[in-house]
Amino acid sequence: MTIDDKGPNPSIFDLETETTTNDNYRTVAWSGKYLQVTLMSIPVGESVGLEAHPDTDQFLRLDAGKGRVVMGPSKDNLTIEHEVGDGWAIMVPAGTWHDVINIGDEPMRLVRDLRPGPSRGRQGAADRCRRRARRRGGHRRATELVGAARVGRPGPARRLIPMPYAVVTGAANGIGRAVTKHLLQDGWSVTALDVDQDALAQLAPDPNLRTGHLDVTAHAQWLDALADLEHLDLLVNNAGLLSSGPFEQIAAERHRAIVEVNVLGVVNGALAAFPLLARTPKSAMVNLASASAMYGQPDLATYSATKFAVRGLTEALDLEWAQHDIRVLDLWPLFVQTGMVEDMQATSGERLGINLTPDDVGATLLNAVSQARSKPAGGRVRNPHVAVGGQARMVTALAQISPHWANRLLTKVVTGR
């Protein structure tokens with residue numbers, strides 16, 4: 001039979017036959033709420049890929065070929081190594097770095113079973129361990145055993161540190177590039193997505209970085225980009241377009257492109273990522289809005305309007321998705337030193353200056369996400385809008401207490417209208 005993922009509906013098939021006849025690198029055989037079964041075919045000399053699944057235990061079985069298993073507490077400390085063959089099983093606890101390399105002379109075919117480990121709960125084993133350590137006034141070492149079936153002795157107990165996973169759009173340049181850098185430096189694994197593949201290729205190499213092509217306006221491309229992920233701690237909807245100048249002098253096609261990328265791109269991302277975010281504890285989605293979402297900006301009319309839409313979507317999903325333990329927030333910077341503002345025709349930019357750097361935004365995002373994930377989703381008193389920089393904080397604070405006519409007057413003065 002040709003395998004077809006019918007999950008979460010019941011499914012019955014000959015697992016060994018499907019595994020040994022599968023020629024695809026990865027084929028999802030069945031996916032449910034708490035279990036995913038994947039068939040893999042690894043060419044000679046290649047490997048499954050070095051990775052760690054922070055919240056997911058894993059079972060692998062070889063049905064054809066010969067491989068070498070490596071595992072350990074970190075990507076630079078793979079302390080277990082063992083050769084495996086037809087019929088061998090490999091047990092990988094959540095958080096363990098692991099890989100299986102094809103060392104035979106034929107394709108290595110495996111079946112992989114992924115399921116949540118005990119740390120998937122809202123108060124997982126690691127959290128309980130940390131609480132006990134704090135109560136006792138010291139640090140308690142969390143330990144896990146890793147091993148492959150038929151290995152004489154498992155390795156010694158080791159500390160395993162889960163690695164959160166993030167997806168960043170518009171990651172090739174500017175703010176997206178800076179956000180990716182800050183996340184990697186903070187210990188995240190990141191998938192960086194963009195339409196500009198040449199610029200993506202210039203990102204600093206990192207073992208925890210994956211890159212890929214994504215047109216955010218195409219929902220099908222979103223589904224493809226996220227298909228291999230088992231959990232998602234953070235989605236950053238950063239991709240955006242900007243055109244400045246008199247409204248009527250900007251081509252209709254450009255207005256449409258700005259709306260599709262800035263608004264539809266966020267909608268597509270939210271829809272595609274929701275299942276992953278919903279099954280990942282303390283997950284978050286961050287949308288890049290703008291201080292131009294406070295009052296419509298002359299010379300940036302359509303761009304400003306799209307940021308109002310992002311603001312509204314953020315506010316709605318912040319409330320709606322709290323029941324799924326998903327935090328939704330947006331960032332409100334003023335003008336940032338990126339390629340988007342080069343040759344910008346907007347008096348407000350000239351009068352306020354372009355004082356923020358992409359690193360300012362990246363650092364603010366990292367801090368905002370950390371704070372949001374440390375608190376329950378949907379708290380009674382929480383502002384989902386995060387101003388970036390002193391100017392933006394001052395302007396947003398004034399806008400919240402000023403009457404409409406005062407905000408209009410301030411905008412008129414700043415924009416020279």
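Which elements cover the buried residues of α3? I will come back to that in a moment, after a word on how the model should be read.

What we have here is a predicted model, in which local features need a pLDDT of at least 70 and side-chain atom pairs count only at pLDDT 80 or more, while totals for chains, interfaces and linings use all residues. Residues are numbered from 1 along each chain as its sequence is written, and side-chain values use heavy atoms, with hydrogens and water left out.

Let me begin with confidence, where pLDDT is the predictor's confidence in each residue, from 0 to 100. The protein chain averages a pLDDT of 79, and 73% of the residues score at least 70. Confidence is lowest in helix α2, residues 125-135, at a mean of 37, and highest in β13, at 97; helices (H or I, at least four residues) and strands (E, at least two) are DSSP runs, numbered from the N terminus. Over residues 117-161 the pLDDT is below 50, and this stretch has 69 contacts in the model beyond near neighbours in sequence, a contact being heavy atoms within 4.5 Å.

Now to helix α3, residues 174-185, and the question I opened with. The buried residues of α3 are Ile175, Gly176, Ala178, Val179, Thr180, His182, Leu183 and Leu184, where buried means under 20% relative accessible area, exposed over 50%, and partly exposed in between, with a 1.4 Å probe and protein chains only. Their cover includes the strands β10 (165-169), β11 (189-194), β12 (209-213), β13 and β14 (283-288), together with α9 (358-373). As for its length, the 12 residues of α3 should span 16 Å at 1.5 Å a residue, and the end C-alpha atoms are 17 Å apart, which agrees; the expected span is 1.5 Å times one less than the number of residues. After α3 comes glycine 187, whose phi is positive, near 95°.

A hairpin of four residues connects β1 to β2, and arginine 26 has methionine 40 in β2 as its bridge partner. Leaving aside neighbours within four places in sequence, asparagine 22 is in contact with Thr27, Leu39, Met40, Ser41 and Arg109.

How many aromatic pairs does a search of the whole structure find? It finds one. The rings of phenylalanine 274 and tryptophan 321 have their centres 5.1 Å apart and their planes at 45°, so the pair is tilted; rings of Phe, Tyr and Trp (its six-membered ring) pair if their centres lie within 6.5 Å, with planes under 30 degrees apart counted as stacked, over 60 as edge-to-face and the rest as tilted. Because phenylalanine 274 lies in helix α6 and tryptophan 321 in the loop between α7 (301-320) and β15 (326-333), the pair ties together parts that are 47 residues apart in sequence. Phenylalanine 274 is partly exposed, at 25% relative accessible area, whereas tryptophan 321 is buried, at 8%. Beyond four places in sequence, the contacts of tryptophan 321 are Ala270, Phe274, Leu277, Met285, Ile326 and Val328.

The loop between α7 and β15 also holds aspartate 325, which has a positive phi of about 65° although it is not a glycine, and which is buried, with a relative accessible area of 8%. Lysine 282, in the loop between α6 and β14, likewise has a positive phi, of about 55°, without being a glycine, but lysine 282 is partly exposed, at 32%.

I will finish with arginine 327 in strand β15, which counts as buried at 3% relative accessibility. Not counting residues up to four places away in sequence, arginine 327 touches several residues, among them Lys282, Met285, Arg373 and Pro376.

Conventions: Two strands pair if DSSP finds at least two bridges between them.
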